[in-house]
Amino acid sequence: SSDLSLVDASQTSMSVIIIGVGNEKLGKIKIFEDTINLRDRQNGRAAARECLQVVEYNQNYLNKPLEMCKDIMRKLLTQILYYKQQQQGLTPQLPK
């Protein structure tokens, strides 16, 4: 299931970025975006970190592709830093 896959991904160095380019709402997918509070339904195991980013191009970035890229990279950098800090045994501190 999706929740199990994302919980598994949160244990690794993987980040998932979903970019919706059409006019459909991504509400059903966006519920997984808060990965840090996600638990898999099979055994209740919690996600180790946030690893999913959902971007709705038409709603937020239409004709602003550079702004979209900057926002995606900023969030991706946060995910990378969080993962690296965890791997070093540090308490992850997210940038402000």
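Colleague: Which residues make the nonpolar surface patch of about 250 Å²?

Modeller: A patch collects residues with over 30% relative accessible area and no salt bridge, joining like charges within 9 Å and nonpolar side chains (Val, Leu, Ile, Met, Phe, Trp, Tyr) within 5 Å. A salt bridge here is a side-chain nitrogen of Lys or Arg within 4 Å of a carboxyl oxygen of Asp or Glu. Areas come from the Shrake-Rupley method with a 1.4 Å probe, and for residues only the protein chains shown count as cover. In this structure, Ile-17, Ile-19 and Val-21 form the patch. Bear in mind that this is a predicted model: local features need pLDDT of at least 70, side-chain atom pairs count only at pLDDT 80 or more, and totals for chains, interfaces and linings use all residues. Residues are numbered from 1 along each chain as its sequence is written, and side-chain values use heavy atoms, with hydrogens and water left out.

Colleague: Is Ile-17 buried, partly exposed or exposed?

Modeller: Buried means under 20% relative accessible area, exposed means over 50%, and partly exposed lies in between (1.4 Å probe, protein chains only). Ile-17 has a relative accessible area of 34%, so Ile-17 is partly exposed.

Colleague: In what sense do E1 and E2 pair?

Modeller: Two strands pair if DSSP finds at least two bridges between them. E1 and E2 do this in the parallel sense, over five bridges.

Colleague: What does Ile-18 touch, leaving aside its neighbours within four places in sequence?

Modeller: Contact means heavy atoms within 4.5 Å. On that basis Ile-18 meets Ile-29, Leu-52, Gln-53, Val-54 and Val-55. Ile-18 is partly exposed, at 27% relative accessible area.

Colleague: Why is E2 called largely enclosed?

Modeller: In a regular strand the side chains alternate between the two faces of the sheet. Five of the five residues of E2 are buried, so E2 is largely enclosed by the rest of the structure. Leu-52, Val-54 and Glu-56 are buried on one side, with Gln-53 and Val-55 buried on the other.

Colleague: Which residues make up the largest nonpolar core?

Modeller: A nonpolar core is a set of buried Ala, Val, Leu, Ile, Met, Phe, Trp, Tyr and Cys residues joined through side-chain atoms within 4.5 Å. The largest has ten residues: Leu-6, Val-7, Ala-9, Leu-26, Phe-32, Leu-38, Ala-47, Cys-51, Leu-52 and Val-54. Helix H1 (2-10) and strand E2 (52-56) are the elements giving two or more residues to this core. H1 gives the most, with three. Apart from this core lies another, of five residues, including Val-55, Tyr-61, Met-68 and Ile-72.

Definitions and conventions
Helix = DSSP H or I, 4+ residues; strand = E, 2+ residues; numbered from the N terminus.
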